[in-house]
Amino acid sequence: YLKVHPNCTGKLGQLGTGIGGDLGFRAAAKNPDVLAAVCFYATDLHKETFSKTGNDTLACAKDIQGELLMCWGKQDPHVPLDGRKKVRLI
């Protein structure tokens, strides 16, 4: 919808917080039209609980063609240090 909107330049980006950060990460991985993704506090990105069949989000990281900015708070209760380290390794 956005890409064909008359005011769109054709350049798409996304910004999400919490589960929206996780979904934004997925959008960037699954859609090469997403040129930039900003994911704040991407909740559950480090877990395998996103769907009934398991979370393949981190496995999709290799497919991201655009720019990616990931931000977490040092004391984020939803994504512990071990989870952030797991994401950093991708």
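**Fold, burial and contacts in a predicted protein chain**

Ala37 is placed in strand 2, which covers residues 34-40. The model is a predicted one, in which local features need pLDDT of at least 70 and side-chain atom pairs count only at pLDDT 80 or more, while totals for chains, interfaces and linings use all residues. Residues are numbered from 1 along each chain as its sequence is written, and side-chain values use heavy atoms, with hydrogens and water left out. Helices (H or I, at least four residues) and strands (E, at least two) are DSSP runs, numbered from the N terminus.

With a relative accessibility of 2%, Ala37 counts as buried. Here buried means under 20% relative accessible area, exposed means over 50%, and partly exposed lies in between (1.4 Å probe, protein chains only). Contact is taken as heavy atoms within 4.5 Å. Apart from neighbours within four places in sequence, Ala37 is in contact with Gln14, Gly24, Ala28, Glu67, Leu68 and Leu69. Of these residues, Leu69 is 32 residues from Ala37 in sequence, and the C-alpha to C-alpha distance between the two is 6.3 Å.

Val38 also belongs to strand 2. When residues up to four places away in sequence are not counted, Val38 touches Gln14, Leu15, Gly16 and Leu69.

Gln14, a contact of Ala37 and of Val38, is located in strand 1 (residues 12-17). Gln14 counts as buried, at 17% relative accessibility. Residues up to four places away in sequence aside, the contacts of Gln14 are Gly20, Gly24, Ala36, Ala37, Val38 and Cys39.

Leu23 is part of helix 1, residues 19-30. The relative accessibility of Leu23 is 43%, and this residue counts as partly exposed. Between Leu23 and His78, 55 residues apart along the chain, the C-alpha separation is 15 Å.

At the level of the whole chain, the secondary structure comprises two helices and three strands. Their order along the sequence follows the pattern β-α-β-β-α. The radius of gyration is 14 Å, close to the 12 Å given by the globule rule for 90 residues, so the protein chain is as compact as a globular protein of that length. This radius is taken over C-alpha atoms, and the globule rule is 2.2 Å times the number of residues to the power 0.38. The C-alpha trace spans about 45 × 30 × 20 Å along its principal axes.

Buried residues make up 34% of the 90 residues in the protein chain. For contacts between residues at least 6 apart in sequence, 59% join residues at least 24 apart. The accessible surface amounts to about 6000 Å², and 57% of this surface belongs to carbon and sulfur atoms. Accessible areas come from the Shrake-Rupley method with a 1.4 Å probe; for residues, only the protein chains shown count as cover.

Tyr41 is found in the loop between strand 2 and strand 3 (67-71). At 37% relative accessibility, Tyr41 counts as partly exposed. The phi of Tyr41 is near 50 degrees, a positive value in a residue other than glycine. Most residues other than glycine have a negative phi.

Val79 occupies the loop between strand 3 and helix 2. The relative accessible area of Val79 is 1%, and the residue is buried. Neighbours within four places in sequence aside, Val79 is in contact with Ala42, Thr43, Asp44, His46, Trp72 and Arg84. Val79 and Lys47 are 32 residues apart along the chain, with their C-alpha atoms separated by 9.3 Å.

Arg84, a contact of Val79, is one of the buried residues of helix 2 (residues 81-88), together with Gly83 and Val87. Viewed down the helix axis, the buried residues of helix 2 fall within an arc of 100 degrees, so they line one face of the helix. The arc is that of the directions from the helix axis to the C-beta atoms. On the face turned away from the buried side, helix 2 carries the exposed residues Asp82 and Arg88.
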